[in-house]
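Biologist: Could you pick one part of this model and take me through it closely? I'd like the cut-offs spelled out as you go, please.

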Amino acid sequence: MKSYQIAVLAGDGIGEQIMQQALKALRCIEQRNEVSFELIPAPFGASAWFESGKSFPDETMEICDQADAILKGPIGLSFEDTKKIPLEQRPERGALLPLRRRYDTYANFRPVRLPAELSHFSPLKEEIIGAGLDLMIIRELVGGVYFGKKESGVNAQGLRYVVEQLEYDEFQIERIARVAFQTAQKRGKKLHSIHKSNVLKSSVLWNDIVAEVGQDFPDVQVENVLVDAAATYLCLNPGQFDVMVMENLFGDILSDQAGGVLGSLGLMPSACVGPQKSYYEPAHGSAPDIAGKNIANPYSMIGSVAMMLEMSFGMQHEANNLWKAMQSVFVAGYSTADLSKPGASVTMVGTDEFGDRVVAALEK
Ligand code: NAD
């Protein structure tokens with residue numbers, strides 16, 4: 001029997017509640033396969049800081065080092081509550097970026113999927129989204145301005161100033177471009193590379209390297225699109241995209257916009273893949289506005305399990321079953337609050353009930 005260790009970092013806000021649903025699904029899959037999942041919970045994020053004074057405690061690092069994969073819930077606090085934590089220990093700076101750096105998880109896959117039967121979840125008009133959507137956003141995750149040198153202080157004129165550098169080298173761009181071309185090759189053989197080369201020199205290098213890597217993939221058609229235009233096209237004609245690749249900051253923003261196109265960030269799982277280790281997390285944050293209310297949509301967290309099954313454990317068949325189970329709950333007319341529109345004939349269910357219904361659909 002195969003056995004995998006999974007570090008479970010539930011995180012903050014809605015993290016614990018959506019993680020519980022993900023673990024229910026994982027247990028169900030374990031029961032009907034020749035596989036065992038050893039789930040090892042570990043503190044991470046703001047809750048870890050309040051407990052121990054570290055948002056990425058040493059014990060969590062050890063658990064993650066040992067694990068075959070990491071399942072991570074969202075972390076973070078509201079704008080006001082964040083100020084209770086010293087700057088360098090705040091969840092993103094003290095935990096999330098160090099996690100990404102530690103495992104060099106440079107390739108972030110963010111599937112943006114809405115089957116035609118669920119296109120009514122989108123705020124876009126029927127003529128734009130009626131056929132559904134299936135695109136893959138690939139975001140470079142360990143470079144760019146988030147990881148560049150930072151400096152702040154008071155300048156010679158007595159003014160407070162800040163400098164944050166956007167840094168990339170050709171190795172970083174090449175490896176994410178290669179992942180994007182390989183993904184495009186397996187899908188529609190079309191790749192949109194997102195850039196801002198009319199202003200940023202980093203994008204000039206980005207475009208050069210994408211063109212060089214593209215020579216190894218002559219069957220993939222590349223289109224270079226300015227990031228500002230891409231934001232517009234995502235609303236006006238998202239169906240033109242199949243695989244999109246972009247640097248870190250652009251990917252952070254455009255993938256949240258893509259969540260809006262689907263109708264909720266609760267529909268956005270993701271995989272963060274490194275050379276040795278990968279971790280899986282919803283693309284959204286800890287949603288402090290709805291934490292503790294049993295109304296968060298756990299699709300993003302359960303979908304992250306599906307991505308882990310496929311990408312870390314080679315369990316493609318069960319990953320597909322999980323996607324189908326989740327979609328079947330929506331198709332049967334159940335919906336979490338984020339996707340329920342006034343006047344729509346859906347039965348609203350809470351986070352726990354959605355998880356139970358996914359498990360029931362899996363068991364069928
Ligand atoms: P958010 O992504 O938490 O929430 C934005 C909106 O989407 C809110 O209205 C929220 O209710 C809704 N939403 C998000 N996930 C949902 C779900 N599963 N079901 C239903 N609705 C959902 O963004 P925010 O409020 O700007 O940030 C909150 C905290 O999360 C901040 O501290 C931020 O830094 C952090 N954050 C963490 C991550 C991460 O852990 N990778 C990512 C983004 C933001």
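Modeller: Between domain 1 and domain 2, three residue pairs are in polar contact across the interface, both residues at pLDDT 80 or more. A polar contact here is a pair of N or O atoms within 3.5 Å; within protein, one must be able to donate a hydrogen and the other to accept it, and residues adjacent in sequence count only if both atoms are side-chain atoms. The model is predicted, so to speak of local features pLDDT must be at least 70, and side-chain atom pairs count only at pLDDT 80 or more, while totals for chains, interfaces and linings use all residues. Numbering runs from 1 along each chain as its sequence is written, and side-chain values use heavy atoms, with hydrogens and water left out.

Domain 1 covers 1-105 + 274-364 and domain 2 covers 111-267, with bounds from an automatic or database domain assignment. Their C-alpha centres are 23 Å apart. In contact (heavy atoms within 4.5 Å) are 20 residues of domain 1 and 21 residues of domain 2.

Together the domains bury about 1800 Å², with 64% of it on carbon and sulfur atoms; buried area is the accessible area (1.4 Å probe) that two parts lose on being put together, summed over both. On the domain 1 side, Arg100, Leu339 and Lys341 lose the most area to domain 2, together 26% of what that side buries.

As for charges, the rule finds one salt bridge across this interface, meaning a side-chain nitrogen of Lys or Arg within 4 Å of a carboxyl oxygen of Asp or Glu. Arg175 and Asp104 form a salt bridge, with their closest N and O atoms 2.8 Å apart.
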